[in-house]
Amino acid sequence: MKCPGQDTRHWKPGAIFDAKCPKCGHLVEFFKDDTTRKCPNCEHRFINPGMDFGCASYCQFAEQCLGNLSPKPSKNG
Ligand SMILES: [Zn+2]
């Protein structure tokens, strides 16, 4: 289950970039199709700031894709 548009073979330079952890400012490497990434420094998990969530508005799998990002009480505490 992968969007054809997110196939790594079609990726251009810049598909991998660094984003600052909102908690500690550590640079975290993101792939452009990562929805979230865990900071290796403080273990804070945050959303990919460069992610294009436009596909979620029509994708039938959006709920599975983004479901774990909804602000429900976390079972991981
Ligand atoms: Zn951090």
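What follows is a chat about a predicted model of one chain.

Visitor: Hi! Which helices and strands does the chain have?
Guide: Hello! The chain has one helix and four strands. Going along the sequence, they come in the pattern β-β-β-β-α.

Visitor: And what is the mean pLDDT of the chain?
Guide: The mean is 77, with 64% of the residues at 70 or more.

Visitor: Where is confidence lowest, and where is it highest?
Guide: Helix 1, residues 62–66, has the lowest confidence, with a mean of 72. Strand 3 has the highest, at 92.

Visitor: Good to know. Let's go to strand 1 and strand 2. In which sense do they pair?
Guide: Strand 1 (residues 16–20) pairs with strand 2 in the antiparallel sense, over five bridges. For one of the residues involved, Ile16, the bridge partner in strand 2 is Phe31.

Visitor: Which side chains of strand 2 point to which face?
Guide: They alternate along the strand. Val28 and Phe30 point to one face and are buried.

Visitor: What share of the chain is buried, then?
Guide: Buried residues make up 3% of the 77 residues.

Visitor: New topic: where does Glu43 lie?
Guide: Glu43 is in the loop between strand 3 (36–38) and strand 4 (45–47). Its phi is positive, about 65 degrees, although Glu43 is not a glycine.

Visitor: Is Glu43 buried or exposed, and why?
Guide: Glu43 counts as exposed because it has 10 C-beta neighbours inside 10 Å, and the cut-off for exposed is 12 or fewer.

Visitor: How far is Glu43 from Lys23?
Guide: C-alpha to C-alpha, Glu43 and Lys23 are 9.5 Å apart in space, and they are 20 residues apart in sequence.

Visitor: What about Ile47, where is that?
Guide: Ile47 belongs to strand 4. With 16 other C-beta atoms within 10 Å, Ile47 is partly exposed. The C-alpha atoms of Ile47 and Pro22 are separated by 9.8 Å, and these two residues are 25 apart along the chain.

Visitor: And how far is Ile47 from Thr35?
Guide: Their C-alpha atoms are separated by 5.8 Å, with the two residues twelve apart along the chain. Thr35 lies in the loop between strand 2 (27–31) and strand 3. Thr35 is partly exposed, since 14 other C-beta atoms lie within 10 Å.

Visitor: Last one: what share of the contacts comes from residues 24 or more positions apart?
Guide: Such residues account for 21% of the contacts with a separation of 6 or more.

Terms used:
Residues are numbered from 1 along each chain as its sequence is written. This is a predicted model: local features need pLDDT of at least 70, side-chain atom pairs count only at pLDDT 80 or more; totals for chains, interfaces and linings use all residues. Helices (H or I, at least four residues) and strands (E, at least two) are DSSP runs, numbered from the N terminus. A residue is buried if 20 or more other C-beta atoms lie within 10 Å of its own, exposed if 12 or fewer, and partly exposed in between; C-beta atoms are placed from the backbone. Two residues are in contact if their C-beta atoms, placed from the backbone, lie within 7 Å. pLDDT is the predictor's confidence in each residue, from 0 to 100. Two strands pair if DSSP finds at least two bridges between them.
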